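Visitor: I am new to this structure. Please take me closely through one part of it, step by step.

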Amino acid sequence: MLSEKERHRILSRFRYVPYVTFLLPNILVGSVFFIYYWYLDIHMTLDKIRDYPPILFISSVMIISSQYFITFAFFYVKMKRISSNIHEHLSGKLDEKETWKLKKNLLNLNFFIVSATFLGWTITGLLILPCAIFMGVPAMHITRIFLINTFLGGTVAATVALFLHDTYIKKSIPEIFPDGDFSDLKGLMNIRINHKISAALWLSGVVPLISMYFISHNYLEIIDGGMDGQHVRWQYETLTAVIAASGIFAAAVTVFYFVRNTGQPLLRLKSVMKEIGKGNLEVRLSVAHTDEVGVLYQGINGMISGLRKAMDDREELILLDQELSIAKQVQQSVLTGADKISDDGHLECEILYLPKNGRVGGDYYNITRMEDGTVSFMLADATGHGIQAALSTMQIDNLNRQSLELRDPDRRLSFINSEYINKIHGKNIFSAFILNARSDSVCYSNAAHPAQFILKKTGAVEELKARGRLIGLMQDTGFECLSGTLEEGDIIVLFTDGAYEEFNGKGEIFGIERFRTLLIEASVEFRNGTLRDINARVKSAIEEFLSGEPWFDDMTVILARKK
């Protein structure tokens with residue numbers, strides 16, 4: 001927040017300087033045209049001008065004064081409102097929408113200056129016409145007077161006022177808006193640099209030439225009319241010299257303007273680009289231009305903001321990647337691999353584990369060989385994906401290892417559910433399936449997990465269905481324990497719903513039936529092959545179905561074949 005002294009300084013300068021930049025060119029140009037009309041155009045073409053010079057003088061002064069008053073009135077009303085808004089902005093009383101309007105009004109003020117100037121000069125020209133008609137000025141002279149006044153005078157005054165005020169605005173805006181952020185002004189009317197160059201050429205070259213043409217034309221008319229050329233020669237030479245000097249001065253002013261308002265900003269842009277090249281993304285350009293430089297500044301500021309955000313995102317991605325790598329190592333340490341039972345005498349095992357993000361997921365599995373030779377499989381699926389779901393698997397693993405002493409699948413699930421609700425106070429819920437495989441039989445319990453399979457050697461499919469609710473959903477819930485036979489060549493298939501709830505680009509689901517059929521066909525195809533071949537066939541079939549679409553869910557498939 002600015003101090004009271006700084007606010008007063010900014011407001012004081014804004015209250016007075018714009019009037020100078022706007023009125024000064026109108027007064028100067030109006031005075032030149034007053035001299036032109038009084039001493040050359042009218043004075044030299046009216047034979048009886050000496051009969052009423054006071055009336056002519058007074059009317060001319062009144063006309064020029066009315067032009068000043070009209071243009072000043074338009075400008076004063078506009079500036080009064082903007083000055084009030086600036087005071088409120090510096091005091092922190094404007095909301096975001098009102099600040100946006102203030103920015104836009106300031107940068108579009110140049111267009112208002114041009115419009116007000118032309119309107120004032122047009123009205124002045126219309127006031128001159130009845131006076132000229134009253135004094136008996138010929139119609140050709142009247143037309144010429146109106147065109148010179150409106151077209152030539154208005155253009156010169158508007159161009160000078162535009163350059164002066166544009167320079168002042170560029171200096172004032174960084175003080176009023178230190179952040180220099182004008183990227184939200186989508187509807188801003190820009191003054192292109194080629195338009196400014198055209199205006200400069202008009203002001204410093206074309207206008208003096210046109211003025212000299214009219215003066216020369218008047219001088220010849222005077223000579224042809226019989227008046228003494230010597231009598232007005234000094235006036236002609238004086239005005240010619242003044243106009244020539246004005247053209248030179250205008251050229252010098254426009255050169256200074258473009259050096260200050262185009263050359264210097266480009267040098268500033270060059271230094272900023274060097275800083276960006278060095279990796280400094282804290283630099284920023286103050287946007288106070290209504291031409292291509294302003295658009296370029298806004299673009300560079302947007303690029304800097306984008307680079308800064310990209311760098312922040314990159315750092316976050318690097319940190320996230322490190323966290324995922326650590327989480328993967330931790331999760332892999334609790335997921336028991338098939339090699340844990342590789343020396344078992346009656347089962348061979350293969351595991352396909354594919355987290356959705358390629359690192360960690362909410363699927364959990366554990367394979368434990370007990371002292372009596374029983375191989376216990378536990379498969380769980382926590383809701384969610386990524387690190388949050390992976391943390392849940394840490395809790396599940398801890399509870400599963402505690403439950404192994406209970407041996408029976410239903411008792412273990414009851415223990416896990418009770419401990420999860422009462423002691424861990426888990427916020428997540430998950431499905432689970434426990435199967436104990438002996439040499440010739442299996443027993444299993446289910447906690448709202450999809451029904452698992454046993455692919456019989458005969459080609460039949462035995463579904464392992466048992467009733468039970470989700471873990472963490474209800475306390476003191478019971479789980480059903482069922483049993484089945486296991487013969488040589490039978491394949492136990494344990495999986496999570498990610499194995500069949502995958503969607504392709506058409507929105508089609510892979511589906512449980514397609515998954516079941518795939519398993520049957522693969523088991524027949526690789527009857528004499530390995531379980532790894534079957535899992536590879538399952539993976540490739542799902543990937544072919546997805547056709548490049550990302551995986552929808554974590555996927556785990558455990559195959560165990562009776563030797």
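Guide: Let us start with a group of rings. F453, F495, Y500 and F515 are linked by ring pairs into a cluster. Keep in mind that this is a predicted model. The count of aromatic pairs comes to 8.

A pair of aromatic rings is described by the distance of the centres and the angle of the planes. For F453 and F495, the ring centres are 5.2 Å apart. Their planes stand at 50 degrees, so this pair is tilted. Planes over 60 degrees apart would count as edge-to-face, and planes under 30 as stacked. The pair links distant parts of the chain. F453 sits in strand β6 and F495 in strand β9, 42 residues apart. F453 and F495 are both buried.

Now look at another pair, F510 and F545. Here the ring centres are 5.3 Å apart. The planes meet at 75 degrees, so the pair is edge-to-face. F510 belongs to the loop between β9 and α11, while F545 belongs to helix α12. The pair therefore ties together parts that are 35 residues apart in sequence. F510 has a relative accessible area of 4%, so F510 is buried. F545 has a relative accessible area of 12%, so F545 is buried too. F510 has a further neighbour. R514 lies over the face of the F510 ring, 5.4 Å from the ring centre.

Next, the strands around these rings. An open sheet is formed by 5 strands. Their order is β1-β10-β9-β6-β7, and the pairing is antiparallel. At the edges are β1 (347-354) and β7 (461-464), each pairing on one side only. From one strand to the next, the twist averages 20 degrees.

Strand β9 covers residues 491-495 and strand β10 covers residues 555-562. They run antiparallel and are joined by 5 bridges. For I491, the bridge partner in β10 is R561.

Two helices complete the view. Helix α11 (residues 512-525) packs on the sheet. Helix α11 touches β6 (452-455), β7, β9 and β10. The direction of α11 makes about 25 degrees with that of β6. Helix α12 spans residues 531-546 and lies across β1, β9 and β10. Helix α12 runs at about 25 degrees to β1.

How values were computed: Residues numbered from 1 in each chain as written. Predicted model: local features only at pLDDT ≥ 70, side-chain atom pairs only at ≥ 80, totals over all residues. Heavy atoms only, no water. Pairing = 2+ DSSP bridges. Helix = DSSP H or I, 4+ residues; strand = E, 2+ residues; numbered from the N terminus. Axes fitted to C-alpha atoms, helices over the stretch in contact; angles between N-to-C directions. Contact = heavy atoms within 4.5 Å. Phe/Tyr/Trp six-rings, centres within 6.5 Å; stacked < 30°, edge-to-face > 60°. Buried < 20%, exposed > 50% of the residue type's maximum accessible area, 1.4 Å probe, protein only. Lys NZ or Arg CZ within 6 Å of the ring centre and 35° of its normal.
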